[in-house]
Amino acid sequence: MQLKQLIIPIFFVFLLACKPEKPKAISLQEDVAFLASDSLKGRETGTSMELVAAQYLQNRMKTIGLRPKGNAGTYYQTFTFKPKTDPHSEAQFVEGENTITGTNVIGYIDNKAKKTAIIGAHYDHLGMGGAGSLHSEGAAIHNGADDNASGVSVLLRLAEALKDTLRTSNYLFIAFSGEEMGLLGSNYFTKNPTIDFTKASFMINMDMVGRLREDKTLSISGTGTTPIWAQILNTMNPGFKLVLSESGMGPSDHTSFYLQDIPVLHFFTGQHADYHKPSDDAEKLNYEGMEMISDYILSIIGALDDQPKLSFRKTKNESEDVPRFKVALGVMPDYLFDGKGMRIDGITEERPAAVAGLQKGDVVIQLGDSVVVDMMSYMRALSVFSEGDGTKVVADRNGEKITVEIRF
């Protein structure tokens with residue numbers, strides 16, 4: 001009897017000692033720090049360093065408890081393509097010489113539900129520069145912390161939050177490759193889905209969500225792609241200054257899903273001076289803002305969990321209304337500015353605006369004979385000029401109107 005009493009406590013001590021420890025939660029900062037590190041050399045599609053990033057994402061999804069939903073029971077969905085020479089042409093997904101292979105990383109929460117929510121973010125970036133880079137001083141590592149390590153880290157945080165919580169939808173998480181080369185990874189996935197697409201209820205895309213400003217301005221596109229979006233977004237809003245756009249078309253991966261008649265939302269915190277430059281680094285991100293955005297998206301997903309599959313609605317393609325122009329002012333507009341005019345968020349050196357003395361923060365209110373009230377009117381005004389033309393620009397600088405001479 002005494003021996004038996006001694007053995008039982010020892011047995012339980014042994015069990016406790018052998019019990020695996022719960023994996024340590026990985027923070028947004030840690031995910032971004034790895035993905036945007038110099039060691040990954042900018043995560044360019046098809047490179048060995050993109051594959052290192054893909055391996056990291058696979059391991060993260062596995063640790064979280066997501067099921068593999070790529071090809072052949074893996075987390076990977078690879079696609080091989082010829083680089084596009086014409087940016088408006090369709091991608092050619094082909095095998096053979098002079099091709100590049102990208103890798104989507106896909107995980108899944110299978111709740112045996114009748115509908116599936118898709119959550120995505122691209123993880124590729126520009127490598128050492130090249131096409132798409134706004135850096136003019138030779139090859140350099142483009143770390144892409146905001147674009148788009150920020151979106152991928154939020155995607156992983158959402159996966160951790162949704163695992164073992166909401167039960168009446170399935171959840172698919174996709175880290176896309178090839179976005180910077182023309183939405184290639186999302187294009188390929190929508191034409192070769194690894195789930196039953198008839199169950200797809202909506203797609204949420206996070207692309208550049210790491211620079212939330214002090215006024216908490218948050219851009220959300222795709223709000224017209226299902227009738228319920230506006231109500232849900234406003235009801236669940238915890239205090240963002242929302243800038244809503246109805247169009248489901250745009251320069252990010254949600255467009256691929258919109259074109260397959262799936263309701264979409266695209267979350268975006270705005271352009272900045274480090275966009276597509278080597279200076280887009282991890283220490284510049286607003287991590288508290290990213291947590292706030294993550295929690296907001298989680299509340300939206302939660303509100304839809306027990307709702308029927310969303311109905312799809314086509315929207316106007318706003319890009320079709322954009323006038324074509326032959327010259328540029330040499331500024332980065334503030335696309336989240338909701339006042340009258342076009343606010344300058346960045347100036348390119350030695351271009352017309354810089355030469356004329358315009359500054360970041362100036363609000364252009366007149367260009368030539370045209371009054372500028374928003375981005376569209378600014379682009380219409382710009383479209384009438386040709387190289388070599390001169391005109392006047394009127395801008396509001398801290399409440400004072402200034403006039404400068406511009407030569408294109």
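This is a predicted model: local features need pLDDT of at least 70, side-chain atom pairs count only at pLDDT 80 or more; totals for chains, interfaces and linings use all residues.
A crossing of two helices is called right-handed if the near helix is turned clockwise from the far one by less than a right angle. Helix α3 spans residues 48–64 and helix α4 spans residues 145–162, and their axes come within 10 Å and cross at roughly 15°. Because angles under 35 degrees count as roughly parallel, α3 is roughly parallel to α4. Where these two helices meet, α3 contributes Leu-57, Arg-60, Met-61 and Ile-64, while α4 contributes Val-152, Leu-155, Leu-156, Ala-159 and Glu-160. Sorted by class, this contact has 7 nonpolar and 2 charged residues, with no polar ones.

Helix α4 also meets helix α8, which covers residues 287–304, and here the axes come within 10 Å but cross at roughly 50°. That angle makes α4 oblique to α8, and the crossing of this pair is right-handed. On the α4 side the contact is made by Ser-150, Ser-153, Val-154, Arg-157, Leu-158, Ala-161 and Leu-162, and on the α8 side by Met-290, Glu-291, Ser-294, Asp-295, Ile-297, Leu-298 and Ile-301. The residues of the contact between α4 and α8 divide into 8 nonpolar, 3 polar and 3 charged.

From the helices we turn to a pocket. The second largest pocket is lined by 23 residues, and those nearest its centre are Leu-134, Lys-277, Met-332, Ile-347 and Thr-348. The elements that give two or more residues to this lining are the strands β10 (331–333) and β11 (342–347). The pocket holds about 630 Å³ of space, and its lining residues comprise 10 nonpolar, 7 polar and 6 charged.

Terms used. Residues are numbered from 1 along each chain as its sequence is written. Side-chain values use heavy atoms; hydrogens and water are left out. On a 1 Å grid over the protein atoms alone, a cavity is a set of points where a 1.4 Å probe fits but cannot get out, and a pocket is an open set with protein on both sides within 12 Å along at least five of seven lines; lining residues have an atom within 4 Å of a point. Grid points are joined across faces, edges and corners, and a volume is the space filled by probe spheres set on the points. Helices (H or I, at least four residues) and strands (E, at least two) are DSSP runs, numbered from the N terminus. Ala, Val, Leu, Ile, Met, Phe, Trp, Tyr, Cys and Pro count as nonpolar, Asp, Glu, Lys and Arg as charged, and the others, Gly among them, as polar. Axes are lines fitted to C-alpha atoms, for helices over the stretch in contact, and angles run from 0 to 180 degrees between N-to-C directions. Angles under 35 degrees count as roughly parallel, over 145 as roughly antiparallel, 65 to 115 as roughly perpendicular and the rest as oblique. Contact means heavy atoms within 4.5 Å.
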